[in-house]
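Here's a quick walk through one protein model. Have the viewer open and follow along.

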Amino acid sequence: MTLPSRLRSYFEGGIVITKGVDRCLFAFPPDEWAAFKANIKANADLSAKGRQLSRMFFSMAFEATLDRQGRVLLPTKLAQYAGLSQSVTLAGVDDRLEIWDTEEWNRYLSTADESFAEIVEEFAGRDFGV
């Protein structure tokens, strides 16, 4: 996978890729991965679901560096999990990138767009610290 040149500076110190939610992959710069990891550790208790959550994110985590052309080779198991084909879409989501198979991303967007207004209404009025 090749990162666009405008994103490469965020990953100069390396990249950590792991399973994401909704059949995508999460890609973090190392400092954001450390914060994400600390959040999981602080909130995933020793319950069965907490252990499962930790295993899902941490057991598949892959640390790498980009080559001079901004490329990183994705492990086969992660690519299979996300159903990646030749065409992938990178979506910037706050502290991470999400890596999607383009067809799956388009399906997700069409479904999400249909319920976007409902989602906004659900979260309207909540204090996000802004």
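## Helix H5

Keep in mind that we're looking at a predicted model. Helix H5 takes in residues 102–114, so 13 residues by the DSSP runs used here. From the first C-alpha to the last it reaches 19 Å, close to the 18 Å expected at 1.5 Å a residue.

Which residues of H5 are buried? They are Thr102, Trp105 and Ala112. These cover an arc of only 85° around the axis, which puts them on the same side of H5. Strand E4 (88–93), strand E5 (96–101) and helix H6 (116–123) are among the elements covering those buried residues. Look at the face turned away from the buried side and you'll find the exposed residues Glu103 and Glu114.

## Cysteine 24

Now hop over to the loop between strand E1 (15–19) and strand E2 (25–28), where cysteine 24 is found. Is cysteine 24 buried or exposed? Its relative accessibility is 0%, so cysteine 24 counts as buried.

Who's around it? Setting aside neighbours within four places in sequence, cysteine 24 is in contact with Lys19, Tyr81, Ala82, Glu98, Ile99 and Trp100. Arginine 51 sits 27 residues away from cysteine 24 along the chain, and their C-alpha atoms are separated by 21 Å.

## Salt bridges

Side chains of opposite charge can pair when their charged atoms come close. The count for this model comes to 4 salt bridges.

One of them is within helix H5: glutamate 104 and arginine 107 both lie there, 3 residues apart, or about one turn of the helix. Their closest N and O atoms are 2.9 Å apart. Glutamate 104 counts as partly exposed at 27% relative accessibility, and arginine 107 is partly exposed too, with a relative accessible area of 44%.

Elsewhere, salt bridges with shared partners join Asp95, Arg96 and Glu98 into one network. In it, arginine 96 pairs with aspartate 95 at 3.5 Å, N to O, and with glutamate 98, where the closest N and O atoms are 3.0 Å apart. Both glutamate 98 and arginine 96 are buried, whereas aspartate 95 is partly exposed, with a relative accessible area of 23%. Glutamate 98 ties back to the previous section as well, being one of the contacts of cysteine 24.

Definitions and conventions
Residues numbered from 1 in each chain as written. Predicted model: local features only at pLDDT ≥ 70, side-chain atom pairs only at ≥ 80, totals over all residues. Heavy atoms only, no water. Helix = DSSP H or I, 4+ residues; strand = E, 2+ residues; numbered from the N terminus. Expected span 1.5 Å × (residues − 1). Buried < 20%, exposed > 50% of the residue type's maximum accessible area, 1.4 Å probe, protein only. Arc of directions from axis to C-beta. Contact = heavy atoms within 4.5 Å. Salt bridge = Lys/Arg side-chain N within 4 Å of Asp/Glu carboxyl O.
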